[in-house]
Amino acid sequence: MGAYVELHCHSNFSLLDGASHPEELVARAAVLGMDALALTDHDAVYGAVRFVEACRRQGIQPILGAEVTLTGGHHLTLLVENETGWHNLCEILTFARHNAPKGEAVLPIDRLASRTSGLIALSGCRHGEIPAALLRGDRKAALRAAVCYRELFGPAGFWIELQHHLLPDDPRLVDELATLARHLGLGIVATNDVHYAEQDGHRLQDVLTCIRHNTALDDAAQLVRPNSEFYLKPAGDMARLFAAYPQALANTRLIADRCVFELRYGLQDLPTFDVPDGMTAQAFLQQRCTAALPSHYGTPSREVLDRLALELGIIERASMANYFLIVWDLVRFAREQGIRCQGRGSAANSIVAYLLDVTPIEPLSQRLVFERFLSDERRLLPDIDVDFDAARREEVIQYLYRRYGHAHTAMACTFVTYRTRSAIRDVGKALGFPLDLLDHVAKTTDARSADALAEQYGDVGQALPWQQLLDLTARIRGFPRHLGIHNGGMVITGSPLARRVPTEPATMPDRSVIQWDKDGLETVGLVKIDVLGLRMLSLIAEAVEIVRETTGQVPALERLIYDDPAVYAQVTDADTVGVFQVESRAQVQVLPRLQPATFDDLIVSISLIRPGPLQGNMVHPYLRRRFGEEPVTYPHPSLEPALAETLGVILFQEQVLKVAHDLAGLTPGQGELLRRALGSKFSTAGIEALRDVFLRGAHTRGVPAAVAEEVFARLQAFGSYSFPKSHAAAFAVLVYQSAWLKHYHPLAFYVGLLNNQPMGFWSPEVVVNDAKRHDIAILPVDVTLSRARCTVEGAAIRLGFNFVSGIGEVRGEEIEAARGAGPFRHLGDFCRRTQLPRRAVENLIRVGAMDAWDIPRRQLLWDLGKLQYRANELDLDYPDDGVELAPLSDTAMLLEEYEVLGLSTGAHVVSLFREQLRQRGTLTSRDLEGCSEGAVVEVAGQLTMHQAPPTAKGFHFLTLEDEWGMMNVIVKPDVYPVYREVIRSEPILVVKGIVQRRGRVINVVAKAIYNVS
């Protein structure tokens, strides 16, 4: 048992302050022989779950706490002794966060009065009230503060904290603090205010401080710590620093022994759902399901009844009836309000969820396994993910707040972490690099590591400043930068949430957020209900309403039976821009080969283009087997029932459970435990234990050891990257519905697609060009005709004000309202009635929104410049100065449109260069269709997509677009570095390469890439 335990320690969850991951601090403590360690991040327990899990893996006792900020900016370190202390800490942090602006915390000291039980308080670092008073020579203030804290926490609950960082006044401060402690009969304890695991971490900590204060190192002398002594030190070093006060070190062990709290794991106590008198939640759930059987199954079969009984039994044993009823009530509310919604994810494995109308997928016909969702072996609440019309999701969220109260309802947080580009910008700025250089580097880099960055920048990267930039960029990658909000994960509890985990205000009003993200919540058993906003549902809702308004008919999408050959032909042709889940470049490559003709084919298509099948090399074998190019085989005959639907290839997560059952006799619940272990980076021991069970079970069933080993290896390769069939099936519903709308109601489809951006894979510019290729005219923004959002106008689409930079939907509605009093007569009339900012009016002129007045755009801009255009003051009487300006050329107007709208309603930008490209012999996308395999070609187009997925082994994939369509370009790993700069910086590319054909799929394998000039 060590003589010294660090009780004051900050991880990188002290945002932009701590410079080590919790795991790094724990690993360092283990190396130093500490058997306990405290985590005391600033005003938060963001990293508590990761810290506790790391301590468990290392066999170290975790001590939880926080350094709270009191009124006046003083710090106080709080450590949790027991469960009461944890409840109090959570309530303290919750109040402090809600008592300050977003991202800050302020705790009035009187709020501690009834919340000190179970907590140990340390007097804090130099920002503590007592040390700060002594540093400024005010001993009376220090005494008053110490007496106050002693009264709040009691003599055994308040300790004077001693810190020695080799600063000039540290010896005096330590002595005065120790003297004060003796005078008041208080204990002393040594800490090191740790901010990084090892001494070299001070460089990154300095940079984090600069980022937090938005300054450069050269200007941060008064902000950064004065030396590099704030690291996790060995007991020997601390003993030498506190040789005069050995008891201060011994007391660290005494305090650690008192902190016996263990973070509680297990299911949250859900609110009790209101059910009819005399019924339990379980009985009411069963009643709801039984009542729904005729509408969903007619006369249910024995298989249906047995499956329902199985599921209800597992739900009852897990005490989860309330959970299902809460979700059912949420979906019921949405449907009553006309809000489109549907469940997805593993909930689609459940016949109960199907009968409650949470999911549209019938699980038996899809051969789905309930234990993927819930099992007796895995007593954790499953996630039920429900997608709602994104435009109306807030109504659903506010319903939950009203139904259960803000004290019982909050959203999961997310941690916005550093990636290479954001790290380059922030670290480089702190190091003093020129901003334009950093912007260029960040935009043109695609490196994922410091080594790759150094390689990318060659000799320049060897210079010391660059080495510092690259090294610190690598260190900061993955660090949390600030707190975000999960896009829909909500946690609801019966008792107040703040007794289990702190909450804080979200940026949006009337919302609060939990201090743990989805991984932390799942680890401790606080499982969320995902109230997700899906823009595809918004598109569908808007498109259906447009069809109703324009035709008087309402498409009954829910009654489609997924058997229309015309819809499948459109998908097979990869005419899928805007179609849910099957519009990506990779899908466009697969669809013509897959030739989907059934709903099951759509499920397969969604599942094929996922990291698991790609990484496990399962895509091409499946396609070859589908068309008889290779035989369908199974690793063992017993696996044919599990793998027949995917031709012997593992595509779905549910198949892991089936394979484990059919080959090795594992129960479905054990199979789900195996699947989850395979997907966890920390489950090596768990995988090995289940591997033994798997191999023994296979041996018992007479499966040869080599076959069992091979199958287990395949499952392990599949790992966490697999996709649940239940999820794909729910998505396939939206694939079909969106493809059906595109085929039968393209005008409504494209309007919905444009009005609900950003969504999907492609930019609005690509969407507009695709609409044009479907013979739909795109009409420009017009102040006399446009509305806030895009609209159908005859057989065309009129762009809305929402696409004009500086206008948007809100100002667009204001323009509409002003126009309600009568048409705008001229520029002055428009400005007087709308009161729009000058730049907004300028942008409207630049995109031709005032062309209806037959005044050249340059002239309108000239006239706008003469207006006295100040807030609430418009001088509209300006003389005609007789100046005549040359009109803008067609090219200039097109470029203006691109700059303001991000797209062109007229010609494609590549058409500007078509004549010179034709003279060079450059082919169009239409020409490319006639080229044979191996032909050497040159093509040109606007770069609309650049991808380099981790599974691609260094290959890059470009999508170019010209007037007639898309072209796919493959850039090999040895070619890409040569042309990285032009690919990353030029909007229009010329590519020389070799044609590669696979049926109707055409690629150009690049040999050289240039800019269009």
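User: How many bridges join strand β22 to β23?
Analyst: This is a predicted model, in which local features need pLDDT of at least 70 and side-chain atom pairs count only at pLDDT 80 or more, while totals for chains, interfaces and linings use all residues. Residues are numbered from 1 along each chain as its sequence is written, and side-chain values use heavy atoms, with hydrogens and water left out. Strands (E, at least two residues) and helices (H or I, at least four) are DSSP runs numbered from the N terminus, and two strands pair if DSSP finds at least two bridges between them. Strand β22 (residues 988-998) runs antiparallel to β23, G993 has A1006 as its bridge partner in β23, and the number of bridges joining the two strands is 10.

User: Which residue in the turn between β22 and β23 has a positive phi?
Analyst: The two strands form a hairpin with two residues between them. The turn residue with a positive phi, about 65°, is G999.

User: What is the average twist from one strand to the next in the open sheet of six strands?
Analyst: The sheet has mixed pairing and the order β1-β2-β3-β4-β5-β6. Its edge strands, each pairing on one side only, are β1 (36-39) and β6 (187-190). From one strand to the next, the twist averages 35°.

User: Which residue in β4 is the bridge partner of L79?
Analyst: Strands β3 (residues 75-80) and β4 (residues 119-122) run antiparallel and are joined by four bridges. In β4, the bridge partner of L79 is I120.

User: How far apart are the end C-alpha atoms of helix α12?
Analyst: Helix α12 (residues 321-336) has 13 of its 16 residues buried, so it is largely enclosed by the rest of the structure. The expected span of a helix is 1.5 Å times one less than its number of residues, which for α12 gives 22 Å. In agreement with that expectation, the end C-alpha atoms are apart by 22 Å.

User: Is Y562 buried or partly exposed, and at what relative accessible area?
Analyst: Most residues other than glycine have a negative phi. Y562, in the loop between α20 (535-551) and α21 (565-572), has a positive phi near 60°. Y562 counts as partly exposed, its relative accessible area being 22%.

User: Which peptide bond is cis, with omega near 0°?
Analyst: Most peptide bonds are trans. The loop between α32 (746-755) and α33 (764-773) contains P758, and the cis bond is the one from Q757 to P758.

User: What is the volume of the largest cavity?
Analyst: On a 1 Å grid over the protein atoms alone, a cavity is a set of points where a 1.4 Å probe fits but cannot get out, and lining residues have an atom within 4 Å of a point. Grid points are joined across faces, edges and corners, and a volume is the space filled by probe spheres set on the points. By this rule there is one cavity of 30 Å³ or more, and the lining of the largest cavity includes E83, W86 and R264. The volume of the largest cavity is about 50 Å³.

Conventions
On a 1 Å grid over the protein atoms alone, a cavity is a set of points where a 1.4 Å probe fits but cannot get out, and a pocket is an open set with protein on both sides within 12 Å along at least five of seven lines; lining residues have an atom within 4 Å of a point. Buried means under 20% relative accessible area, exposed over 50%, partly exposed in between (1.4 Å probe, protein chains only). Axes are lines fitted to C-alpha atoms, for helices over the stretch in contact, and angles run from 0 to 180 degrees between N-to-C directions.
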